[in-house]
Amino acid sequence: MSTIRFGRDERERDELLGRVADLPAGIAPSRDLWPGIRARIEVGAPAENAAPHGLSWRWALAAAVAVASLSVLFTWLAMRGPGATHGSVPVAATQPVPAAAVQPVSYENYARLGPQYAETRAQMLTLFRARLATLSPETRQRVEQDLATIQKAASDIDAALAKDPSSALLNNLLVSTYQDEMRLYTRVTAPI
Amino acid sequence: MHAAGPGEAEWIGLARTGDTAAFEQLYRRHVDRVFGLCLRMTRDPAAAEDLTQETFVSAWRSLSAFEGRSGFGTWLHRIAVNAVLASRRSPQGRGEVSLTDDEGEQRDLEAPEELDAAVPMDLERGIATLPEGARDVLVLYGVYGYSHEEMAAMLGVAVGTCKAQLHRARRLLRERMNLEASE
């Protein structure tokens, strides 16, 4: 690794930085983390989890950008378009398809979604499905297309992260898909 | 930073073929440095353990992308920094307590008692009380020896931001440790 002269000089001449540099770089965790890691990696060899050949993170970027605009704009317009119906419409009267058929976004390998987020999302999903069932088929189709677009972006970003897990941009984009999904649920469930 | 030691290149090659025993050797060699970085960035041992695991799982999945242009330890650190940054931005967050209020005034904070007792606690405590951005830069620069350019790439900020954060970190750390400026 290269260390520029400016930094080295600064570390040498600053007594406080020198003391910081003397701190041990390694700190042992309180427990052996390997069993947990092994349990997760034995699901598949590295090559099996690698991104498909030729997949570029730029595609993920393009997909995520599309998500940001689609999930906000389309849903917003659809919910207010002439085909939209309102919450007072009975579910059974407008929605023959079981709400459970609509699945949340699956984030695969690189997601860092904790139990608190999962719980919140599950609650939002329940409301989302109930509300979705009250919408016109046209509006519902648009919403489901948005959800599919977010899913595609999440999958593309996940695959791109397999090739470049240290990419700050890709990690940010992945986080943006969490936000897009929740934003979609919020848009759909919000009172009109 | 951490040069490939004896056997490391071989372990990497074997791990790429799916050899988890070889990857365990890599884990054993680097886990303390990865955990140390995560702990200093998060100040939360449980979160640091989770993020250390995430780092190694991500590294395993991406071994084919490791080109060896940097050391394996540096590559792991990049993944770890991204894991920490992503966890801060994630919907559930990590619940890190801001050390400054909305007006930038310092809040009281107890020292992270979980740090290794062998580590000089005064200095570690001082670092732990720094605001997030300043702490990140001081840890990466001071403890792990990265350059401003390397830190900027890791943190996704400008080089000038890193330099400003380092200056801020040094000033705050001196104040909190009641040290005279040595510049």
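At roughly what angle do the axes of helix α3 (residues 34-41) of chain A and α3(B) cross?

## Getting started

This is a predicted model, in which local features need pLDDT of at least 70 and side-chain atom pairs count only at pLDDT 80 or more, while totals for chains, interfaces and linings use all residues. Residues are numbered from 1 along each chain as its sequence is written, and chains are lettered from A and ligands numbered from 1 in the order in which they are written.

Helices and strands are DSSP runs numbered from the N terminus, with at least four residues of H or I for a helix and at least two of E for a strand. Chain A has 9 helices and 0 strands, and chain B has 8 helices and 0 strands.

Now for the opening question. The axes of α3(A) and α3(B) cross at roughly 35° and come within 10 Å. Here, axes are lines fitted to C-alpha atoms, for helices over the stretch in contact, and angles run from 0 to 180 degrees between N-to-C directions. The crossing of α3(A) and α3(B) is right-handed; the term is used if the near helix is turned clockwise from the far one by less than a right angle, and left-handed if anticlockwise.

Which residues meet here? On one side are A:Gly36, A:Ile37, A:Arg40 and A:Ile41 of α3(A), and on the other B:Gln53, B:Phe56, B:Val57 and B:Trp60 of α3(B). Two residues are in contact if their C-beta atoms, placed from the backbone, lie within 7 Å. By class, this contact of α3(A) with α3(B) has 5 nonpolar, 2 polar and 1 charged residues. In this scheme Ala, Val, Leu, Ile, Met, Phe, Trp, Tyr, Cys and Pro are nonpolar, Asp, Glu, Lys and Arg are charged, and the others, Gly among them, are polar.

## The whole interface

How many residues does each chain give to the contact? Chain B gives 65 residues and chain A gives 50 residues. On the side of chain B that touches chain A, α3(B) supplies the largest share, with 11 residues. That side of chain B divides into 28 nonpolar, 21 polar and 16 charged residues.

A:Ser166 lies in the loop between α8 (137-163) and α9 (168-189) of chain A. Leaving aside neighbours within four places in sequence, A:Ser166 is in contact with B:Trp75, B:Arg78, B:Ile79 and B:Asn82. Is A:Ser166 buried or exposed? A:Ser166 counts as buried because there are 26 C-beta neighbours inside 10 Å. The cut-offs are 20 or more other C-beta atoms within 10 Å for buried, 12 or fewer for exposed, and in between for partly exposed, with C-beta atoms placed from the backbone.

## Inside each chain

Buried residues make up 35% of the 192 residues in chain A and 44% of the 183 residues in chain B. Consider the contacts between residues at least 6 apart in sequence: in chain A, 85% of them join residues at least 24 apart, and in chain B the figure is 58%.

Within chain B, the axes of α2(B) and α6(B) come within 9 Å and cross at roughly 150°, so these two helices are roughly antiparallel to each other. Angles over 145 degrees count as roughly antiparallel, under 35 as roughly parallel, 65 to 115 as roughly perpendicular and the rest as oblique. Here B:Leu37, B:Arg40 and B:Met41 in α2(B) meet B:Asp136, B:Val139 and B:Val143 in α6(B). This contact of α2(B) with α6(B) has 4 nonpolar, no polar and 2 charged residues.

B:Arg43 sits in the loop between α2 and α3 of chain B. B:Arg43 is buried, with 25 other C-beta atoms within 10 Å, and phi of B:Arg43 is near 65°, a positive value in a residue other than glycine.

## How confident is the predictor?

The complex gets an ipTM of 0.78 and a pTM of 0.61 from the predictor. Chain B averages a pLDDT of 82, and 77% of the residues score at least 70; pLDDT is the predictor's confidence in each residue, from 0 to 100. Over residues 94-121 of chain B the pLDDT is below 50.
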